[in-house]
Amino acid sequence: FSLVLTLGFYLSLSHFESRSAPAHPVTMIVQTGPLKEGLKTDCLAEILGLSRDEPRSITPEEGEKRLLKTSMIKKATVSLLNPHTLYIDYTLRSPLFTLIDFENTALDEEGESFPLRPYFTPKKLPELSLGSTKLTSLAYELLNLLGKEVERIDLSKAEEASLGKREVVVILAKE
């Protein structure tokens with residue numbers, strides 16, 4: 001009985017020690033990608049669950065998994081430069097529209113939605129209202145056809161049951 005308690009105490013103690021003093025805690029993050037410092041290094045550390053106050057180690061696989069769970073990151077590869085330095089190469093999604101139907105939400109060319117603030121600098125993007133429709137392909141076609149003059153596209157009534165109520169509204173910017 002005492003052997004089990006001692007062993008249990010040892011396992012608990014070793015688990016506590018490994019959490020408070022990891023073998024190779026990450027102390028530095030190096031990042032690259034198409035945009036120079038697309039996200040602040042502190043933001044990447046937060047996504048990865050890393051902290052200066054409580055350093056810990058993380059595997060490249062775990063890092064990639066956490067980064068890709070974040071909606072604004074399109075691609076990510078993570079590796080270790082040395083036991084204490086994490087190297088992250090990532091691509092952020094490019095906002096194409098701001099969604100009127102949702103606060104602080106953008107849509108990219110693949111139809112993925114993600115938050116704009118605090119990750120992206122303010123941009124003048126065309127606004128898009130989808131309502132309950134899923135006609136994002138129509139919005140992309142209109143944007144490609146009309147270009148930078150598009151200020152807003154409203155597709156919220158594009159699939160109304162009554163043909164008399166169906167409409168697509170496109171607002172162009174004044175020159």
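**Figure 1. The buried residues of helix α2 and what covers them.** In this predicted model, the cover over the buried residues of α2 includes strand β1, helix α3 (60-69), strand β2 (73-82) and strand β3 (85-92). Helix α2 itself spans residues 41-48, and its buried residues are C43, L44, A45, I47 and L48. Just beyond the end of α2 comes G49, a residue whose phi angle is positive, at about 75°.

Figure 2. Which residues of α3 are buried? They are P60, G63 and L67, and when the helix is viewed down its axis these buried residues fall within an arc of 60°, so they line one face of the helix. In general, an α-helix has 3.6 residues a turn, so residues three or four places apart point the same way. The buried residues of α3 pack against α2, β2 and β3, whereas E61, K65 and K69, on the other side of α3, are exposed.

**Figure 3. The hairpin of strands β2 and β3.** Strands β2 and β3 form a hairpin, with 2 residues between them. The two strands run antiparallel and are joined by 8 bridges. To follow one of these pairings, find V78, whose bridge partner in β3 is I88.

Figure 4. V30 is found in strand β1, which covers residues 28-32.

**Figure 5. The aromatic pair of F97 and Y140.** The structure holds 2 aromatic pairs, and one of them is formed by F97 and Y140, which are tilted, with 5.8 Å from centre to centre and 40° between the planes. This pair links distant parts of the chain, for F97 belongs to strand β4 (residues 97-99) and Y140 to helix α4 (residues 136-146), 43 residues apart. Both F97 and Y140 are buried.

**Figure 6. The aromatic pair of F114 and F120.** A pair of aromatic rings is described by the distance of the centres and the angle of the planes. For F114 and F120, that distance is 5.6 Å and that angle is 50°, and the pair is tilted. Both F114 and F120 are buried.

**Figure 7. The chain as the setting for the close-up views.** The chain has 4 helices and 9 strands, and from the N terminus on its elements run in the order α-β-α-α-β-β-β-β-β-β-α-β-β. Of the 175 residues in the chain, 31% are buried. Among the contacts in the chain with a separation of 6 or more, 46% are between residues 24 or more positions apart. The chain exposes about 11,900 Å², and carbon and sulfur atoms supply 55% of this area.

How values were computed: Residues are numbered from 1 along each chain as its sequence is written. This is a predicted model: local features need pLDDT of at least 70, side-chain atom pairs count only at pLDDT 80 or more; totals for chains, interfaces and linings use all residues. Side-chain values use heavy atoms; hydrogens and water are left out. Rings of Phe, Tyr and Trp (its six-membered ring) pair if their centres lie within 6.5 Å; planes under 30 degrees apart count as stacked, over 60 as edge-to-face and the rest as tilted. Buried means under 20% relative accessible area, exposed over 50%, partly exposed in between (1.4 Å probe, protein chains only). Contact means heavy atoms within 4.5 Å. The arc is that of the directions from the helix axis to the C-beta atoms. Accessible areas come from the Shrake-Rupley method with a 1.4 Å probe; for residues, only the protein chains shown count as cover. Two strands pair if DSSP finds at least two bridges between them.
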